[in-house]
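Student: I have a structure open and would like to go through it with you. Can we start with how the parts are held together?

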Amino acid sequence: MTDDTLLSARGLNLRFGPVPALVDVAVDLWPGEVLAIVGESGSGKTTLLNVLSGRLRPDDGVVWYRDPAGKLHDVHAMPAPKLRALHRSDWGFVQQDPRAALRMGVSAGGNVGERLMAQGLRHYGNIREQAIDWLRQVEIDAARVDDMPRTFSGGMLQRLQIARTLVTHPRLVFMDEPTGGLDVSVQARLLDLIRSLVARLNIAAVLVTHDLAVARLLAHRIVVMQRGVVVEAGLTDQVLDDPQHAYTQLLVSSVLQA
Amino acid sequence: MTTISGYNFAYLDEQTKRMIRRALLKAVAIPGHQIPFGSREMPLPYGWGTGGIQITAAILGAADVLKVIDQGADDTTNAVSIRRFFAKTAGVATTTRTDAATVIQTRHRIPEAPLTANQILVYQVPQPEPLVKLEPSRAETRRMHALAEYGAMHVRLYEDITRFGQVAISYDYPVMVNDRYLMAPSPIPAFDNPKLHQMPALQLFGAGREKRIYAIPPYTNVRSLDFEDHPFRAGRAPHACGLCGSDTSYLDEVVVDNEGGRLFVCSDTDYCETRRDAGHAGDAA
């Protein structure tokens with residue numbers, strides 16, 4: 001860990017009964033960096049994401065977060081109100097299923113504005129203006145600000161979830177399979193959007209995916225997991241072009257070449 | 001009216017009253033915070049005021065003068081029955097006059113006449129949880145109250161302004177009590193919300209089915225939720241009372257014939273009578 005590390009985890013261990021979900025995992029994340037966690041189903045990717053974001057408590061180990069003032073916080077020793085406040089402001093969480101994250105009975109503008117209102121903004125005009133601005137940034141027509149999310153397509157819903165998450169300008173975003181369940185052309189467009197937003201706003205992101213193409217496109221660094229163990233970590237190109245561990249080699253070779 | 005024998009004073013036994021008073025003390029100590037209590041079966045159905053009637057029973061003394069109103073009226077079934085209930089079981093004096101009462105049990109209204117520090121207002125509450133339509137889990141709403149996370153309530157107001165151009169909550173309009181707890185003021189019209197603020201009288205809220213008691217102590221800040229550019233406004237039918245001519249009181253709309261005839265009258269019957277006795281008259285009088 002260096003002086004400017006944004007998020008740093010050491011010695012994370014977690015078992016679900018007899019199943020080891022995390023075995024002595026260490027992860028570092030620097031500001032503006034995108035870290036991909038890859039591996040097959042059940043390898044502990046999402047568990048690691050939940051532990052890093054404070055949603056799930058590990059049996060052992062520590063997660064440090066550095067706030068904008070440079071002070072370090074132990075995420076799992078934080079009082080619940082502070083952690084929730086962090087999730088509302090400095091952090092963001094993008095889920096695989098946007099329907100679970102959005103309020104489906106509330107208009108698109110209301111969904112985007114919710115985090116602003118939770119932060120204490122009480123000016124309707126300003127909230128609406130910011131919501132419209134963010135809809136534009138995720139390439140949703142501003143005229144749809146008052147429409148219900150149920151009238152949106154799957155790709156639009158995911159972009160709406162991203163707008164809703166980024167509206168408070170978080171420094172760190174956790175993404176759990178953001179392109180899962182979308183068809184390939186929609187995926188490509190969404191990946192392009194995420195890449196440009198993350199670069200422009202200098203957001204650090206932890207991205208869970210089973211899709212190596214997604215990791216290659218978005219991530220600066222990559223962590224490969226198998227049965228709760230980090231088997232390989234390094235720069236994305238380095239890991240994907242020259243895999244050292246047998247499991248990584250298997251993963252890379254099993255990608256279909258179009 | 002003669003009292004009936006075989007019951008304790010004001011129907012409830014002393015242990016139960018003591019339990020309710022303990023909950024009331026906690027409620028007054030934490031304005032707007034919901035306190036659970038062991039709600040009892042009462043000889044009237046849920047939704048008719050079982051919470052309010054238990055609070056009234058617990059605070060009533062032999063010297064008290066009781067007034068009961070339902071939608072502002074003293075002469076509706078619910079008001080008449082509860083007034084008779086306490087006249088029979090406690091032998092207390094009852095009245096329909098707001099200024100003569102020491103305890104006023106109410107459903108859906110706050111009297112028009114200003115209340116004083118010598119009076120207690122007891123509300124009947126069907127749903128004490130203001131967040132219930134936004135968050136179905138009680139465990140989660142308790143957490144939201146504990147952390148004062150009330151952003152979701154503003155999402156509801158935002159949606160109303162987006163769809164209707166204004167906040168469309170006409171009754172049970174959510175309020176912040178003492179700048180800390182979000183509270184459902186029971187189904188009083190939003191028109192009555194400003195009266196909650198800095199009221200000299202003690203205000204007690206009882207929800208019998210939901211088993212919750214909460215309170216607003218005298219002279220407490222109570223603020224209706226709003227946006228800076230869409231401030232709270234208390235709505236009222238744009239008419240004068242047909243009987244007493246008041247153009248400031250809250251009005252009920254009454255259909256009077258089959259030709260679409262309408263009469264607007266004060267919902268507070270005591271206020272209307274007092275004004276008529278003083279010589280005021282409306283168009284239909």
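This is a predicted model: local features need pLDDT of at least 70, side-chain atom pairs count only at pLDDT 80 or more; totals for chains, interfaces and linings use all residues.

Student: How many residue pairs are in polar contact between domain 1 and domain 2 of chain B?

Tutor: Six, with both residues of each pair at pLDDT 80 or more.

Student: Where do the two domains of chain B run?

Tutor: Domain 1 of chain B takes in 14–132 + 158–224, and domain 2 covers 236–285. Their centres, taken over C-alpha atoms, are separated by 25 Å.

Student: How many residues of domain 1 of chain B are in contact with domain 2, and what area do they bury?

Tutor: On the domain 1 side of chain B, 15 residues are in contact with ten of domain 2. Between them the two domains of chain B bury about 910 Å², with 50% of it on carbon and sulfur atoms.

Student: Which residues of domain 1 of chain B lose the most area to domain 2?

Tutor: B:R109, B:E112 and B:F191, which together make up 48% of what the domain 1 side buries.

Student: Now the two chains. How many salt bridges are there between chain A and chain B?

Tutor: The count is three. One of them joins A:R84 to B:E140, where the closest N and O atoms are 3.1 Å apart. There are also ten residue pairs in polar contact across the interface of chain A and chain B, both residues at pLDDT 80 or more.

Student: Which elements of chain A give two or more residues to the side that touches chain B?

Tutor: Helices α2 (80–88), α4 (108–118) and α5 (124–137) of chain A. The largest share, five residues, comes from α4(A).

Student: What area is buried between chain A and chain B?

Tutor: About 1,800 Å², of which carbon and sulfur atoms give 60%. In chain A, the residues that lose the most area to chain B are A:R84, A:R122 and A:Y124, together 43% of what that side buries.

Student: Do β6 and β7 of chain A pair in what sense, parallel or antiparallel?

Tutor: Parallel, over four bridges, with β7 of chain A being residues 172–176. A:V94 stands opposite A:M175 in β7(A).

Methods
Residues are numbered from 1 along each chain as its sequence is written. Chains are lettered from A and ligands numbered from 1 in the order in which they are written. Side-chain values use heavy atoms; hydrogens and water are left out. Two strands pair if DSSP finds at least two bridges between them. Domain bounds come from an automatic or database domain assignment. Contact means heavy atoms within 4.5 Å. Buried area is the accessible area (1.4 Å probe) that two parts lose on being put together, summed over both. A polar contact is a pair of N or O atoms within 3.5 Å; within protein, one must be able to donate a hydrogen and the other to accept it, and residues adjacent in sequence count only if both atoms are side-chain atoms. A salt bridge is a side-chain nitrogen of Lys or Arg within 4 Å of a carboxyl oxygen of Asp or Glu.
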